[in-house]
There are 2 protein chains.
Amino acid sequence: VASDTRDRLIRTTSRLLREQGYAATGLNQVMAEADAPKGSMYFHFPGGKEELGEAAVDHFAAQLTARMTDGLARGTVRQAVRVFFDAYIEVMERTEFRLGCAVASVALDEAATHDRLAEAAGRAFRTWVDLMADALESEGRAADRSHDLATLIIGSIEGAIVMAKGQRSSEPLASARDALDHLLAGPTDPTTTLA
Amino acid sequence: VASDTRDRLIRTTSRLLREQGYAATGLNQVMAEADAPKGSMYFHFPGGKEELGEAAVDHFAAQLTARMTDGLARGTVRQAVRVFFDAYIEVMERTEFRLGCAVASVALDEAATHDRLAEAAGRAFRTWVDLMADALESEGRAADRSHDLATLIIGSIEGAIVMAKGQRSSEPLASARDALDHLLAGPTDPTTTLA
């Protein structure tokens, strides 16, 4: 049915954004890899490549939001951050460091020139920071401190993914994970200070 | 003279990588914006676009390495990190969030498919982490802790740049800066713990 084709187009684009970014991803490649019938692209995405890209960024962002929400519901921020990093390490090692972050890729290369892609990337980052900040605040941290720390956590996840792709190694993800784990150990833990 | 042309090609490519990434940057655009004579591209870069891209990543990385080295020579890690973030905030605001990080862009989109670009990005990240780790260790932190914390600092700089470009706002850079500033306040400072 038609909605299957739409889903395949979105999932294929999301994967290609993670592998190679927006500029290198052509509609012909998406159509071929999604096994999409001729004409289906503009039927589902009359706005063309940018509309498809926006849907793919939203799709990828929603997946990560769900995973973060689930992790935060199951344990402390410290535990959820560790689980999130470990899951990313597993995926990147299994795919030989081909899969990065669709949101980061679009943010870096397209935000300056494509309004809809910039908005999608901005939405994703703000959602993740707010989610993490709320969880930090519910653990007893002050609101402004929680927002700054949430930005550091989301930023270091994004940055460590960038470094892992560039170095073709999960080592940056493991090191950033351990530094955050130490940092989030909490005031009752004598190892709290990183200094 | 010939070497001026080579420099212009490298600097122009470095700027275009920061603005739009490698895939969107065509050699014709580089030649035009660098005002380079026909034939000069393959005279200076017989390896073509990837060799030019590698030189541009190395050039950009060396600039940031010099800036970090200078900052670390002038003060504490805490002070140097703050100065570095503030300088990036100034550049991004002045250029309306068009200029990101050439290394991050290449790492995210090209590392999986271009060996020379992956190597250049990996070199840059390792150089920055080592520089920061050495400085942290010289302030009295343990070696393994210094390496993890250095990875967190470099990762959060890269990630906050990505977020700032996506959100077209310097707010993520300011928030990550403040979280790191708090974290690096040191064991003699009662506000050290972020928890």
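Axes here are lines fitted to C-alpha atoms, for helices over the stretch in contact, and angles run from 0 to 180 degrees between N-to-C directions. This is a predicted model, in which local features need pLDDT of at least 70, side-chain atom pairs count only at pLDDT 80 or more, and totals for chains, interfaces and linings use all residues. Residues are numbered from 1 along each chain as its sequence is written, chains are lettered from A and ligands numbered from 1 in the order in which they are written, and side-chain values use heavy atoms, with hydrogens and water left out.

**View 1. Helix 8 of chain A meets helix 9 of chain B.** The axes of helix 8 (residues 143-167) of chain A and helix 9 (residues 171-183) of chain B come within 8 Å and cross at roughly 100°. That makes the two helices roughly perpendicular (65 to 115 degrees); helices are DSSP runs of H or I, at least four residues, numbered from the N terminus. Look for the contact residues (heavy atoms within 4.5 Å), including Arg145(A) and Leu149(A) from helix 8 of chain A and Pro172(B) and Leu180(B) from helix 9 of chain B.

**View 2. Phe97(A) has a positive phi.** Its phi is near 65°, in a residue other than glycine. You will find Phe97(A) in the loop between helix 5 (77-94) and helix 6 (102-110) of chain A. Phe97(A) is buried, at 13% relative accessible area (buried means under 20%, exposed over 50%, partly exposed in between, with a 1.4 Å probe and protein chains only).

**View 3. Asp35(B) also carries a positive phi.** Here phi is near 50°, and the loop is the one between helix 2 (27-33) and helix 3 (40-44) of chain B. Asp35(B) is exposed, with 61% relative accessibility.

**View 4. A salt bridge joins Arg123(A) and Asp58(A).** Their closest N and O atoms are 3.0 Å apart; a salt bridge is a side-chain nitrogen of Lys or Arg within 4 Å of a carboxyl oxygen of Asp or Glu. The pair links helix 7 (residues 115-138) and helix 4 (residues 49-74) of chain A across 65 residues. Arg123(A) is partly exposed at 33%, and Asp58(A) is partly exposed at 31%.

**View 5. In chain B, Arg123(B) pairs with Glu54(B).** This salt bridge spans 3.4 Å, N to O. Glu54(B) sits in helix 4 and Arg123(B) in helix 7 of chain B, so the bridge ties together parts 69 residues apart in sequence. Glu54(B) is buried at 12% relative accessibility, whereas Arg123(B) is partly exposed at 34%.

Notes
Parallel < 35°, antiparallel > 145°, perpendicular 65-115°, else oblique.
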